[in-house]
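Student: I have the sequence and the coordinates open. Can we go through how the chains meet, then some local details?

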Amino acid sequence: MTMASIRKLEWKVGGQQGEGIDSTGEIMTKTLFRYGYYVTTYKQFMSRIKGGHTNYKLRATQEPTRHAGDDVDILIALDEETLTVNRSELVPGAIVIMEGKDVNITHVEDYILATFPLKAIATALGNPLAKNMVALGMTGALISLPVEEFYTFIEEQFAKKGKAVIDSNKAAVDKGYALVQEHLKDRVKTLEAVPRNPDRLYISGNEATAFGSFMAGCRFLSAYPITPASEIMEWMSAHLPAVGGTIMQVEDEIAGITFAIGASFAGARAMTSTSGPGLSLKTEAFGLAALSETPIVIVDSQRAGPSTGLPTKHEQSDLYHMLFGTHGEIPRIVLYPSSIEDAFYVAAEAFNLAEMYQCPVFVALDLALSMNRTTTPRIDATRVAINRGKIVTPEEAEKYGEFIFKRYRFTEDGISPRALPGNPYGVHTTSSNEHGEDGYITEDPEIRTKIMQKRLGKIKSARLSRPYYVVDGDAPVVLVGVGSVRGVIEEVKARLAEEGIHVGGLFIQQLHPLPVEEIQSYVTGKTVITVENNYYGQLLNWLKMHFPIHASSHSITQYDGNPFKIGRVYHEVKELLEHVRRTQKTHA
Amino acid sequence: MSVELKKPTLKDFKGDTSTWCPGCGHFSVMAGLQRALVNLGIHPHEVITVTGIGCSSKISEYTRTYGFHTIHGRALPVAQGAKMAAPEMHVIAAGGDGDGYGIGAGHFVHAVRRNIDLTYLVMDNSIYGLTKGQTSPRSQHDFVSKTTLKGNKEYPLDALSIALANGATFVAQAFSGDVKRMSELIEKAIQHKGFSLVNIFSPCVTYNKVNTYDYYRDHLVTIDEPLPTREEAIRVLKEHDGNVQGLLFVEERDDFQKQLGIDWKMRDVQNGPMDEAMIRALEKEFM
């Protein structure tokens, strides 16, 4: 019998929270990442510490992807609920390894259900905690992965815990391999070996955002813990002190943004990170940053709202809030990286834009983008250079010869030179009240009008170096998405292309100011299909405010707390295309 | 950068023209603050003054320093953030009792226990003045205003005891009618390493007809020496219904930033390429 060779693996482990599902998934994923595969992941979890179903999905492929996939080839079910919840994802011929009383291999419908007393087996080996390692060993055996791949990882992972722990974990993995040989030999396949490539990273959107911010010179982050944004604060907490900065976990979300505004006023590159509920609380301070023209970067890792909503679930429903939130009218820049790779660069550039345009800059993420790790290329250090904007030195400030430095000086581009505290020639007052050039409060209608025009007009030219990505932009139908949805659209587009159907793909990374001139040829008069995780079709409506798009335009929406499945979007796009075709025929 | 500077004078601190009512207690607070800075030889460019919203918060416009007139109740978080970024600056936070003990009360408690080195001046007139005379968190019981027509049924917030109970390292109270003493207290507060609170009775001559200059002259008891313990300070406050002036309590303790022990370099980020060697080093975490 020849072993079937496979080119990809979709694998899932599930059980109760607190059973080590996350770390089991991480070990499997990182092992295949190092084996040379591209990996994408998705973690599903609940808003509680222990108990409740949780799972970790891995998709390992030979080509890069940005979606964790719809299917499951191998499911590790540490309880029966895992099978019930994830049954619909099993492909024909899938193997389910489930915790059970006895060893029992049965065919159920079109999959194999293999129960093993995993906990008892691990206990017999002297380490009940290693039951997940037995399951990992079984996975390795089922795809003919050399067992040494796990050993390396185990040695690294448990280095601090000593030889006994390392040995017991290795033994558990070995046992998994042996069990497959004994009971599931005829199900063994071979995951093709691919060249290892050390020039890749395995990183999450939150990590990439923090890393990018750090490299851009962000030295102060103040925030309040909130899912799914906390990892940004945690990463920065570990790294900032070494470069003379710090994070501050402050008393509330309002302090999160206002501490950062204070630090920025004093001259540091500063940020706050949060999710929807926190963004709501910070909203008044958007205006403070905007009116005082103080740079600030606000990361919103979106989750399902409103109110507490589904606090551990995915959504893209804060677009309106970032685009319109706060009273009055303010200059703002709203960015949304369309991949984990881009999160690094977008975050880094956000600090440049904030200082160059002296206004709040939002970096939108979503839970799928934030919390899941994937393979990305290594960082291109040349893509972003630090630009601190118009900060005047004492020598420059002295030339103005002003007792009160005109912080809000009228200039051609609407951006005024900024003197930082400590500069002997730049003393001035900054105010959240309307003010004149000197920063002093005024209610003069003429000055008000002029300074509003300066402030709101200054951001027009603000551009991210890659404000959007477009593929096949000349197609009459274009799929548009932001953030993690890019992954779905790319796969749907590829599937359609295989059938000879060509649609465009547009992934917008700068939502405000929208690069209208640059993207108009891709959307004006076209059938625009946005794919977005919200109810209202916020992205489509935002585009409608800027472009005369075709009446057949539509948004495919989903707001159940989960990211899109590729298959679902594929079918809906096909139906829409069919509908458009029929309508056009009728008109013709 | 080293710049030769003359000794600061009161003239250096002159900011925008005030819009306070004639006789307002805040004039004295401003005079007290400016005199304290001059006495300490501190220049305007070495000071950040962060204020909230209200009549008193306009002090950041009227006193020439690096001023930041923020939003209601948020002077303290903005001020603390500024100090974190620029520890070499003297940071003054200022505002009224509504700003600090009402809408900003949450920040106040945490600023106290955090003990970042800054001075917080609360200009306490026990009324909302800028919104034209509503009851404040410091208004007395049964105080009558447009929003408490039958008298205030809440009791005034005892901000000083809150501060003392939560580990404040410098707690003082002053009075606009005694500028000399007030200025000395502000001087001490600025010199104190850590969070220093100076609550200043600063009468609103337009809207508060109860807590007037005469009221304080009649009621205030002067404390000449700080009390030995927090408990004692709280007891004395209770004994005199809060009507004391002077330095109530002081304690030397490492401030927040000193405890962190970081070599502060937040403001040093320069234009230019990102540090590639650092990128390569950090990438190892993700491989």
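Student: Is the crossing of α9(A) past α3(B) left-handed or right-handed?

Tutor: This is a predicted model: local features need pLDDT of at least 70, side-chain atom pairs count only at pLDDT 80 or more, and totals for chains, interfaces and linings use all residues. Residues are numbered from 1 along each chain as its sequence is written, chains are lettered from A and ligands numbered from 1 in the order written, and side-chain values use heavy atoms, without hydrogens and water. A crossing is left-handed if the near helix is turned anticlockwise from the far one by less than a right angle, and right-handed if clockwise. For α9(A) passing α3(B), the crossing is right-handed.

Student: How do the residues of the contact of α9(A) with α3(B) divide into nonpolar, polar and charged?

Tutor: Contact means heavy atoms within 4.5 Å. Among the residues making it are Phe259(A) and Gly262(A) of α9(A), and Val78(B) and Gly81(B) of α3(B). Ala, Val, Leu, Ile, Met, Phe, Trp, Tyr, Cys and Pro count as nonpolar, Asp, Glu, Lys and Arg as charged, and the others, Gly among them, as polar. The division is eight nonpolar, four polar and no charged.

Student: What area is buried between chain B and chain A?

Tutor: The contact takes 61 residues from chain B and 74 residues from chain A. Buried area is the accessible area (1.4 Å probe) that two parts lose on being put together, summed over both. Carbon and sulfur atoms give 66% of a total of about 5,600 Å².

Student: Which side chain of chain A meets Arg114(B) in a salt bridge?

Tutor: A salt bridge is a side-chain nitrogen of Lys or Arg within 4 Å of a carboxyl oxygen of Asp or Glu. Two are found across the interface of chain B and chain A. At 2.6 Å, N to O, the partner of Arg114(B) is Glu251(A).

Student: Where is Ser307(A) found?

Tutor: Ser307(A) has a positive phi, near 50°, and is not a glycine. A cis peptide bond joins Gly305(A) and Pro306(A), with omega about -5°. Ser307(A) is in the loop between β14 and α11 of chain A.

Note on methods
Helix = DSSP H or I, 4+ residues; strand = E, 2+ residues; numbered from the N terminus.
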